[in-house]
Amino acid sequence: MSKQSILSKDGVSYVLPFILVTSCFALWGFANDITNPMVKAFSKIFRMSVTDGTLVQVAFYGGYFAMAFPAAMFIRKFSYKSGVLMGLGLYAFGAFLFLPAKMIGAFEYFLIAYFILTCGLSFLETSCNPYILFMGTEETATRRLNFAQCFNPMGSLLGMYVAMNFIQARLDPRDTDARALLDDAEFNALKEADLSVLITPYLIIAAVIAVMFVVIFLVRMPKNGDQSHDINFIPTLKRICGIKRYREGVIAQFFYVGAQIMCWTFIIQYGTHYFMQEGMSERDAEVLSQQYNICAMALSCGGRFICTYFLKYINPGKLLAILAFGAILLTAGVICFQNRYGIYCLVGISGCMSLMFPTIYGIALQGLGDDAKFGAAGLIMAILGGSVLPPLQASVIDMKEVFSLPAVNVSFILPLICFAVVAAYGLRMYRYRVSGKS
């Protein structure tokens, strides 16, 4: 299918708006994946357990949950463009707050900064995803969204690269046990130095986001296709929740995002555990684990382009189910292997996850029309899975051993269950499509 048919509707071309909005996918990908390694970094800097460190994820994905429906109402009242600008503004403000948080030196203030930053990301995702669906015909909507989402892992790769080379590699090399032996004065001096390293990338991305805000503000963007700006929140919510495809899509998205964040966050703990058994120091093991994490994201990025091509020939629900079953098998390998083969399986899961988020999103919103604004909000709220499920996995990891098995291995039972839910959704949607149901 030609580019013109994918990025146009009623004779109007959306190429420039598509490019600008698609760039936002990379920007929130950066934020997501510079954050995952910070669970380990903050745990070390503040001498906390892994479970306490996952409060970073609670604050981060809690912002998505809290702001999704307010963002949808804002967009309905104003426009997609206004939603994008509000998202960029909150994103930049939250990132700038890392400076006063560092000056205060308290973990709680970083959590506030993360929460505000991700309130902005919630606005962006609630705006940009349906905006992309709007920029062309409904027949090509899922393909168009998958193509736009291909640029999300590019931002994620950059976030991981920055986390590894400009944060983790520059933190003080003393491991968690050595830091526990420091007196208060030594610990505070070390914490101050490490926090200075940690906040620098966030201040730079805040400046980049501010520039992006100005560009989108000045460029003429397509207006919403709807004529009504009435909120009608409760009637709309009841209407869309009565649609099985949408309702089950929200559930599938919750479990998918939880699985994604668990796999990409705890690859650091998983890899560190086995690399230290091979005689590496904790710091070297963490850096090598992050390199594997970057390989995982690169696989996800490449897989998304490939799977987007396959969508021309394979039903989205069917392809979603195939990838989810592949993820289940690889997760079983992560649980069973107690060596590098488990890490290879964990990297491989990212290839299976590559298409899941946008495909669930596209299937769930299909046919919602203007209700897609509120439908998108429900799917963004489902990102709460990234806040709820990782602390559960972290609590298992902190047990060190479960039934004589390494707890880090056993903890991946949770992602396995999540992928089973996604597989069930894909199969059901394929069957509905085949049978002509909605």
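**Close-up views of the predicted model**

View A. Phe 74 belongs to helix α5 (residues 55-77) and Phe 123 to helix α8, so the pair ties together parts 49 residues apart in sequence. Both Phe 74 and Phe 123 are buried.

**View B. An aromatic cluster.** One cluster is formed by Phe 42, Phe 46, Phe 60, Tyr 61, Tyr 64, Phe 98, Phe 107, Phe 110, Tyr 114 and Tyr 202.

**View C. The largest nonpolar core.** This core holds 139 residues, and Phe 42, Tyr 91, Leu 198 and Met 356 touch the most other members. Helix α8 (residues 107-134) contributes the most to the core, with 13 residues. Leaving aside residues up to four places away in sequence, Leu 198 touches Met 38, Ala 41, Phe 42, Ile 45, Phe 98, Phe 110 and Ile 167.

**View D. The second largest pocket.** The space in this pocket is about 580 Å³. Its lining has 20 residues, and Lys 40, Val 50, Thr 272, Glu 282 and Lys 400 lie nearest the centre. By type, the lining residues are 6 nonpolar, 7 polar and 7 charged. Helices α3 (38-45), α11 (176-180), α15 (267-277) and α22 (407-410) each supply at least two lining residues. The largest share, 5 residues, comes from α15.

Terms used: Residues are numbered from 1 along each chain as its sequence is written. This is a predicted model: local features need pLDDT of at least 70, side-chain atom pairs count only at pLDDT 80 or more; totals for chains, interfaces and linings use all residues. Side-chain values use heavy atoms; hydrogens and water are left out. A nonpolar core is a set of buried Ala, Val, Leu, Ile, Met, Phe, Trp, Tyr and Cys residues joined through side-chain atoms within 4.5 Å. Buried means under 20% relative accessible area, exposed over 50%, partly exposed in between (1.4 Å probe, protein chains only). Helices (H or I, at least four residues) and strands (E, at least two) are DSSP runs, numbered from the N terminus. Contact means heavy atoms within 4.5 Å. On a 1 Å grid over the protein atoms alone, a cavity is a set of points where a 1.4 Å probe fits but cannot get out, and a pocket is an open set with protein on both sides within 12 Å along at least five of seven lines; lining residues have an atom within 4 Å of a point. Grid points are joined across faces, edges and corners, and a volume is the space filled by probe spheres set on the points. Ala, Val, Leu, Ile, Met, Phe, Trp, Tyr, Cys and Pro count as nonpolar, Asp, Glu, Lys and Arg as charged, and the others, Gly among them, as polar. Rings of Phe, Tyr and Trp (its six-membered ring) pair if their centres lie within 6.5 Å; planes under 30 degrees apart count as stacked, over 60 as edge-to-face and the rest as tilted.
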